[in-house]
Amino acid sequence: MYWLFKNLGWVNIGLLVLIIMHFILRRVNKYALGNKSKFLKKASKLMSSLHPYLTGLLLISAFLHGYNLVGGIRLHSGFIAFFVILLQTIFGILVKKFFKKPILIIHRFTGLAIVIAVITHVVLMKT
């Protein structure tokens, strides 16, 4: 079981990359291609529909990964990464419900915080 939960961390990174691709595809199409790529528009629309489900899956998977490897809830780099993912999920729900620009900006910056927290966690756990 240890092997399963350890490798679940890499699944989580894959989910995180897919979730972030939604934002990246839209930015590349808008700024690099002048919103002209029909393929990127379709891909972005698909990623937009999958985005909330992938986030929910990431939240559950990250919890299972950390809880089972540490043997409970303890403060460490993985817990901080999970907490930031939880914040991101909450802000994502708020964006969907109220769509206020300040909430959207916080949601995006929290995405950057997730990337930093996950990279920090992976580096610390590899040493």
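Helices (H or I, at least four residues) and strands (E, at least two) are taken here as DSSP runs, numbered from the N terminus. On that basis the chain in this predicted model has 4 helices and 0 strands, and Asn35 falls in the loop between α1 and α2. Residues are numbered from 1 along each chain as its sequence is written, and side-chain values use heavy atoms, with hydrogens and water left out. Because the model is predicted, local features need pLDDT of at least 70 and side-chain atom pairs count only at pLDDT 80 or more, whereas totals for chains, interfaces and linings use all residues.

**Overall architecture**

- Read along the sequence, the elements follow the pattern α-α-α-α, and the C-alpha atoms fill a box of roughly 50 × 30 × 25 Å when it is taken along the principal axes.
- Of the 127 residues in the chain, 32% are buried, where buried means under 20% relative accessible area, exposed means over 50%, and partly exposed lies in between (1.4 Å probe, protein chains only).
- Among the contacts in the chain with a separation of 6 or more, 61% are accounted for by residues 24 or more positions apart, a contact being heavy atoms within 4.5 Å.

**Surface**

- The accessible surface of the chain comes to about 8,700 Å², and 75% of it belongs to carbon and sulfur atoms; such areas come from the Shrake-Rupley method with a 1.4 Å probe, and for residues only the protein chains shown count as cover.
- Ile60, Phe63, Leu64, Tyr67 and Ile73 make a nonpolar surface patch of about 480 Å².
- Patches are made of residues with over 30% relative accessible area and no salt bridge, with like charges joined within 9 Å and nonpolar side chains (Val, Leu, Ile, Met, Phe, Trp, Tyr) within 5 Å; a salt bridge is a side-chain nitrogen of Lys or Arg within 4 Å of a carboxyl oxygen of Asp or Glu.
- Leu64, one of the residues in that patch, is found in helix α2 (residues 38-70) and counts as partly exposed because its relative accessibility is 36%.

**Largest pocket**

- The largest pocket has a volume of about 820 Å³ and is lined by 28 residues, of which His22, His51, Gln88, Gly92 and His107 lie nearest its centre.
- The elements that give two or more residues to this lining are α1 (2-32), α2, α3 (77-98) and α4 (101-126).
- The search runs on a 1 Å grid over the protein atoms alone, where a pocket is an open set of points with protein on both sides within 12 Å along at least five of seven lines, a cavity is a set where a 1.4 Å probe fits but cannot get out, and lining residues have an atom within 4 Å of a point.
- Grid points are joined across faces, edges and corners, and a volume is the space filled by probe spheres set on the points.

- His22 is found in helix α1, counts as buried because its relative accessibility is 12%, and touches Ser44, Met47, Ser48 and His51 when residues up to four places away in sequence are not counted.
- Met47, in helix α2, is buried at 11% relative accessibility, and its C-alpha atom is separated by 5.2 Å from that of His22, 25 residues apart along the chain.
- With residues up to four places away in sequence again not counted, Met47 touches Leu18, Met21, His22, Leu25 and Leu54.

**Residues of helix α4**

- Thr110 is found in helix α4, is buried at 10% relative accessibility, and touches Val84, Leu87, Gln88 and Phe91, not counting residues up to four places away in sequence.
- Val115 also lies in helix α4 and is partly exposed, with a relative accessible area of 27%; its C-alpha atom is separated by 9.6 Å from that of Ile85, 30 residues apart along the chain.

**Loop residues with positive phi**

- Most residues other than glycine have a negative phi.
- Asn35, which is not a glycine, has a positive phi of about 60° and is partly exposed, with a relative accessible area of 40%.
- Phe99, in the loop between α3 and α4, has a positive phi near 40° and counts as exposed because its relative accessibility is 58%.
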